[in-house]
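The following note comments on one structure, point by point. Please read it alongside the sequence and the coordinates.

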Amino acid sequence: MTVIPKGAKAVDYASPANTDKVKLAGVSLVSRYIDPTAGLPGATWKCLTVAERDQLIGMGKAILLIWETTSTRGLEGAAAGTTDGVAASAAAARLGYPTTATIISTFDTDINKARLP
């Protein structure tokens, strides 16, 4: 288990092109995205790759996985969350993560009472 010291810097980014910037920024924790394509040939541009994972680990960075699909997925209820949990675990496994890896889920949308289920 990687322990992140209190006061450590963290960063969240969507493009693997930012990996070299992370090395210079002095961060300890990197949050990276996965989706149903993670670990597959032709994965979406925002997904963590095995090569990037290895590069970040080689730099001594901890990696937090973020599951993200559509902008409204979080409004689709518990069944969608259960389905996504299974899919997120499978995507993480393709990247070499154990089934015990922490994966957080997010969706980017504007929320108001009218949109909530």
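1. The largest pocket holds about 310 Å³ of space. A pocket here is an open set of points on a 1 Å grid over the protein atoms alone, where a 1.4 Å probe fits, with protein on both sides within 12 Å along at least five of seven lines. Grid points are joined across faces, edges and corners, and the volume is the space filled by probe spheres set on them. Of the 13 lining residues, the closest to the pocket centre are Ile63, Leu64, Tyr97, Ala101 and Thr102; a lining residue has an atom within 4 Å of a point.

2. The model is predicted: local features need pLDDT of at least 70 and side-chain atom pairs pLDDT 80 or more, whereas totals for chains, interfaces and linings use all residues. Residues are numbered from 1 along each chain as its sequence is written, and side-chain values use heavy atoms, without hydrogens and water.

3. By class, the pocket lining comprises 10 nonpolar, three polar and no charged residues. Ala, Val, Leu, Ile, Met, Phe, Trp, Tyr, Cys and Pro count as nonpolar, Asp, Glu, Lys and Arg as charged, and the others, Gly among them, as polar. Strand β3 gives the most to this lining, with four residues; strands (E, at least two residues) and helices (H or I, at least four) are DSSP runs numbered from the N terminus.

4. The largest nonpolar core has 17 residues, and Ile34, Leu48, Leu56, Leu65 and Tyr97 have the most contacts inside it. Such a core joins buried Ala, Val, Leu, Ile, Met, Phe, Trp, Tyr and Cys residues through side-chain atoms within 4.5 Å; buried means under 20% relative accessible area, exposed over 50%, and partly exposed in between (1.4 Å probe, protein chains only). At least two core residues come from each of β2 (29–34), β3 (62–67) and α3 (78–94). Beyond four places in sequence, Tyr97 touches Leu48, Arg53, Ile63, Leu65 and Ala92, a contact being heavy atoms within 4.5 Å.

5. In helix α2 (residues 50–58), Glu52, Arg53 and Leu56 are buried. They lie on the same side of α2 because they cover an arc of only 105 degrees around the axis, taken from the directions from the helix axis to the C-beta atoms. The face turned away from this buried side carries the exposed residues Ala51 and Gly58.

6. Lys61 lies in the loop between α2 and β3 and counts as buried because its relative accessibility is 13%. Its C-alpha is 5.1 Å from that of Ser28, although 33 residues separate the two in sequence.
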